[in-house]
Amino acid sequence: MSVFKALIEAVIKGDIKTAVAETQQALDAGSNVQDILSKGLIATMDEVGERFSKGLIFIPQMLRSAKTMQECMKLLEPLFQEGDVTSKGKVLIGTVKGDLHDIGKNLVSMMMEGAGFTVTDLGVDVPPEKFVQKAQEVGPDIVAMSALLSTTMPAMPQTIEALQKAGVRDKVKVMIGGAPVTEKYAHQIAADSYASDAGSAVSKAKKLLGIS
Ligand code: B12
């Protein structure tokens with residue numbers, strides 16, 4: 001049985017108060033932050049997704065669990081800081097057009113910032129033209145896109161095409177991710193990199209920019 005049983009149950013129920021208290025208690029007890037995140041919070045969202053697929057829960061419950069997870073993540077955020085204040089590069093990130101999922105994207109954003117990248121977060125449901133406009137404005141080293149729905153994945157190549165048309169594509173590296181996205185898909189749409197989780201997103205971003 002998981003040591004995070006009470007936390008898991010609270011996130012599934014969408015009980016913010018208990019979930020936040022359980023997260024704090026796990027931290028106070030010396031639990032590893034990565035474990036709290038992957039074995040406690042992320043694994044629970046997978047369970048929530050499965051319950052939704054089976055028709056056991058509906059959108060409001062899924063939303064409540066998501067909100068609960070986000071509140072717990074606020075406690076973990078300061079612990080991701082690596083302490084190096086020199087910027088490693090600029091990252092422009094957003095969830096693609098039509099897609100409202102932002103927990104994974106926020107996690108990637110948070111870990112990137114913690115690792116010393118300067119992150120501009122465009123939020124959710126970001127149309128290709130918004131990625132282009134902001135890229136022209138901030139001059140990022142990396143444009144990172146998140147998609148959680150198989151129906152919104154095509155917005156990724158559309159965004160790459162828009163960057164190309166605006167003459168921005170050659171100046172940036174494009175990184176993609178999100179549960180339905182794969183390495184193969186990244187190759188297919190000529191993205192420069194793919195990562196399956198926020199931790200490897202950071203190491204792949206460093207690799208893309210030649211930073212160790
Ligand atoms: C919470 C949730 C919601 C919440 C989102 C709230 C929010 N603020 O994000 C709400 C209730 C709004 C929602 C709505 C919907 N959802 Co929803 N949702 C989920 C759920 C349960 C969890 C997602 C999550 O946060 N996971 C935890 C995070 C940490 O994981 P992650 O997002 O995968 O991110 C990690 C990696 O993928 C990666 N990553 C993510 N982004 C990026 C970006 C880059 C650049 C990189 C490198 C890496 C990377 O790193 C992250 C951290 O490690 C999933 C189930 C699941 N297992 O994914 C379903 C799920 C994604 N939803 C689903 C569906 C169908 C919907 C709806 C269409 C339902 C409906 N009928 O309306 C709507 C769509 C709304 C819209 N237009 O977007 C399906 C998608 C099926 C598919 N393949 O297309 C899923 C899989 C549920 C299911 N099993 O059916 N949803």
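Helix α3 (33-53) gives the shell around the ligand its largest share, 7 residues. This is a predicted model, and the ligand in it takes up the space of the largest pocket. Several elements give two or more residues to the shell: α3, α4 (59-76), α5, β3 (142-146), β4 (173-177) and α9 (198-208).

**Who's around the ligand**
- Count the neighbours and you get 36 residues surrounding the ligand.
- The closest of them are Ser53, Leu100, His101, Asp102 and Ser146.
- Sorted by class, the shell comes out as 22 nonpolar, 10 polar and 4 charged residues.

**The cobalt**
- The ligand carries a cobalt atom, and His101 is its only protein donor.
- His101 does this through NE2, at 2.3 Å.
- To find His101 in the fold, look in the loop between β1 (90-95) and α5 (103-114).

- Asp102 has a side-chain N or O atom 2.7 Å from a nitrogen atom of the ligand.
- With Ser146, an N or O atom in the side chain sits 2.8 Å from a nitrogen atom of the ligand.
- Gly49 uses its backbone instead: a polar atom there is 3.2 Å from a nitrogen atom of the ligand.

**Worth a second look**

Definitions and conventions: Residues are numbered from 1 along each chain as its sequence is written. This is a predicted model: local features need pLDDT of at least 70, side-chain atom pairs count only at pLDDT 80 or more; totals for chains, interfaces and linings use all residues. Side-chain values use heavy atoms; hydrogens and water are left out. Donors are N, O and S atoms within 2.8 Å of the metal (3.2 Å for Na, K and Ca); water is not among the atoms, so sites may look incomplete. Helices (H or I, at least four residues) and strands (E, at least two) are DSSP runs, numbered from the N terminus. A residue is near a molecule or strand if one of its heavy atoms lies within 4 Å of it. A polar contact is a pair of N or O atoms within 3.5 Å; within protein, one must be able to donate a hydrogen and the other to accept it, and residues adjacent in sequence count only if both atoms are side-chain atoms. On a 1 Å grid over the protein atoms alone, a cavity is a set of points where a 1.4 Å probe fits but cannot get out, and a pocket is an open set with protein on both sides within 12 Å along at least five of seven lines; lining residues have an atom within 4 Å of a point. A molecule sits in a cavity or pocket if more than half of its atoms lie within 2 Å of its grid points. Ala, Val, Leu, Ile, Met, Phe, Trp, Tyr, Cys and Pro count as nonpolar, Asp, Glu, Lys and Arg as charged, and the others, Gly among them, as polar.
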